[in-house]
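I opened this entry to record what I looked up in the structure. My notes follow in the order in which I made them.

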Amino acid sequence: MNWESAKKASAFILTLLVAFLLQTVALPYPVAIIWPNWTLLVLSGWALNAPRAPSMFVGLVLGVAMDVQLNCILGEHALGLVLVTYTVAKMRGMLVLYERWRTALILAPLWTGYLLLLSMIDHTTGHVANPALRWWPLPMTIIMWPAVDTLIARLSLKPTSGST
């Protein structure tokens, strides 16, 4: 493994770890309802900008960890995150053609589907989740996409042939 790939792997792991910590931190209610879905944002960013990164596997692992940390039905976040990262990776050829704000609008229905899947699983199993804490963060997630995507795009860039 060369230095550039080691830096890229470190950035991949570090950004996902920070996203997981930001997602699972306990916040006061007024902040929690506008707090973006960081794990979803970062996984989508890596699936879009680094197609060879193991985003789906990491989505599975982080999803199970989120289920345990947030006391949810085991596997619901894992299923949703794997489906989102798979779909973003498959749509990559189209998504890279658009500006970041348009990409956010294209990904918004996919992220809504993720939240709908979580809500359906919760409803089916009888798990009670606060709808405001689930749905209100979606607009902030969409707003934060250009900044998160820009950061991940810079972290995932391949070096030019002339650089050392």
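**Salt bridges**

I began with Glu 99, which is partly exposed because its relative accessible area is 41%; buried stands for under 20% relative accessible area, exposed for over 50%, and partly exposed for the range in between (1.4 Å probe, protein chains only). I noted that this is a predicted model, in which local features need pLDDT of at least 70 and side-chain atom pairs count only at pLDDT 80 or more, while totals for chains, interfaces and linings use all residues. Residues are numbered from 1 along each chain as its sequence is written, and side-chain values use heavy atoms, with hydrogens and water left out.

I looked up the partner of Glu 99 and found Arg 102, joined to Glu 99 by a side-chain salt bridge at 3.4 Å, N to O. The term requires a side-chain nitrogen of Lys or Arg within 4 Å of a carboxyl oxygen of Asp or Glu. Arg 102 is partly exposed, at 37% relative accessible area. The structure holds three salt bridges.

The next one I recorded joins the side chains of Arg 100 and Asp 149, at 2.9 Å from N to O. Arg 100 belongs to helix H6 and Asp 149 to helix H8, so this pair ties together parts 49 residues apart in sequence. Helices here are DSSP runs (H or I, at least four residues), numbered from the N terminus. Asp 149 is buried, with 4% relative accessible area, whereas Arg 100 is partly exposed at 33%.

I then turned to Arg 134 and Asp 122, whose side chains form a salt bridge at 2.7 Å, N to O. This pair links distant parts of the chain, with Arg 134 in helix H7 (residues 131-135) and Asp 122 in helix H6, twelve residues apart. Both Arg 134 and Asp 122 are buried.

Leaving aside neighbours within four places in sequence, Glu 76 is in contact (heavy atoms within 4.5 Å) with Asp 67, Leu 118, Ile 121 and Asp 122.

Glu 76 is in helix H5, residues 76-95. The buried residues of H5, including Gly 80, Leu 81 and Val 84, pack against helices H3 (38-49), H4 (55-69) and H6 (100-125). I also noted that H5 bends by about 35 degrees at Ala 89, the bend being the angle between axes fitted to the seven residues ending there and the seven starting there.

**Asn 71**

I checked the loop between H4 and H5, where Asn 71 is found. Asn 71 has a positive phi of about 60 degrees although it is not a glycine. Most residues other than glycine have a negative phi. Asn 71 is exposed, at 62% relative accessibility.

On the surface I found a nonpolar patch formed by Phe 57, Leu 60, Val 61, Val 64, Val 68 and Leu 74, with about 580 Å² of accessible area together. Areas come from the Shrake-Rupley method with a 1.4 Å probe, and for residues only the protein chains shown count as cover. Patch members have over 30% relative accessible area and no salt bridge, and nonpolar side chains (Val, Leu, Ile, Met, Phe, Trp, Tyr) are joined within 5 Å, like charges within 9 Å. Val 64, in helix H4, is partly exposed at 33%.

Last, I looked up Met 140 in helix H8, residues 137-156. Met 140 touches Ile 34 and Pro 36, not counting residues up to four places away in sequence.

Conventions
Helix = DSSP H or I, 4+ residues; strand = E, 2+ residues; numbered from the N terminus.
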